[in-house]
Amino acid sequence: MSETLLITVMLFESDGKAQLCQPAFIKTSGRTPIGKLMSTYCRWLGQPETVLMFSLSNGRRLAEGTVTPQELGLSNGGMLHARLAEGIELSNLPAGLSFLDVDDSELAALADLLSVGR
């Protein structure tokens with residue numbers, strides 16, 4: 001069984017300078033594909049995956065969603081940055097800290113079926 005991780009995701013404007021909302025803390029396992037984590041975050045924001053670009057805190061862009069947090073060297077408390085694509089503006093952003101569970105298969109499956117948006 002893989003270690004359970006809590007990964008922090010911070011949302012920034014497209015230029016990467018201004019933080020747009022409080023972070024989301026996402027519970028996942030070290031073996032879950034990072035793409036599932038990115039999808040969970042986009043679903044939580046009520047946005048399609050095409051409006052956000054993800055990177056590690058060191059700036060390395062995450063284009064491949066099949067790698068795992070373990071393969072990326074992310075440990076418990078690791079951080080991802082999400083940036084809006086150029087020209088995208090979001091309204092009704094979540095206020096306060098949020099905790100999400102990417103591995104809760106019942107909720108993830110239901111959200112996928114319903115394409116839950118805000």
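Leaving aside neighbours within four places in sequence, which residues is phenylalanine 54 in contact with? The legends below take up this point and others.

**Figure 1. Overview of the protein chain.** This is a predicted model, in which local features need pLDDT of at least 70, side-chain atom pairs count only at pLDDT 80 or more, and totals for chains, interfaces and linings use all residues. Residues are numbered from 1 along each chain as its sequence is written, and side-chain values use heavy atoms, with hydrogens and water left out. The protein chain has three helices and five strands, in the order β-β-α-β-α-β-β-α from the N terminus. Helices (H or I, at least four residues) and strands (E, at least two) are DSSP runs, numbered from the N terminus. Of the 118 residues, 43% are buried; buried means under 20% relative accessible area, exposed over 50%, and partly exposed in between (1.4 Å probe, protein chains only).

**Figure 2. Surroundings of phenylalanine 54.** Apart from neighbours within four places in sequence, phenylalanine 54 is in contact with Val9, Met38, Tyr41, Cys42, Arg61, Leu62, His81 and Ala82. Contact means heavy atoms within 4.5 Å.

**Figure 3. The largest nonpolar core.** A nonpolar core is a set of buried Ala, Val, Leu, Ile, Met, Phe, Trp, Tyr and Cys residues joined through side-chain atoms within 4.5 Å. The largest one has 27 residues, of which Leu11, Tyr41, Leu52, Phe54 and Leu80 touch the most other members. Two or more residues each come from strand 1 (4-12), strand 2 (24-29), helix 1, strand 3 (52-56) and strand 4 (79-84). Helix 1 gives the largest share of this core, seven residues.

**Figure 4. Serine 39 and its polar contact.** Serine 39 is part of helix 1 (residues 34-45). Serine 39 counts as buried because its relative accessibility is 17%. Its side chain makes a polar contact with the side chain of glutamate 49, at 2.7 Å. A polar contact is a pair of N or O atoms within 3.5 Å; within protein, one must be able to donate a hydrogen and the other to accept it, and residues adjacent in sequence count only if both atoms are side-chain atoms.

**Figure 5. Leucine 20 in a loop.** Leucine 20 sits in the loop between strand 1 and strand 2. Leucine 20 counts as partly exposed because its relative accessibility is 26%. Not counting residues up to four places away in sequence, leucine 20 touches Leu11, Phe12, Glu13, Leu84 and Leu93. From C-alpha to C-alpha, leucine 20 and methionine 10 are 8.2 Å apart in space, and they are 10 residues apart in sequence.
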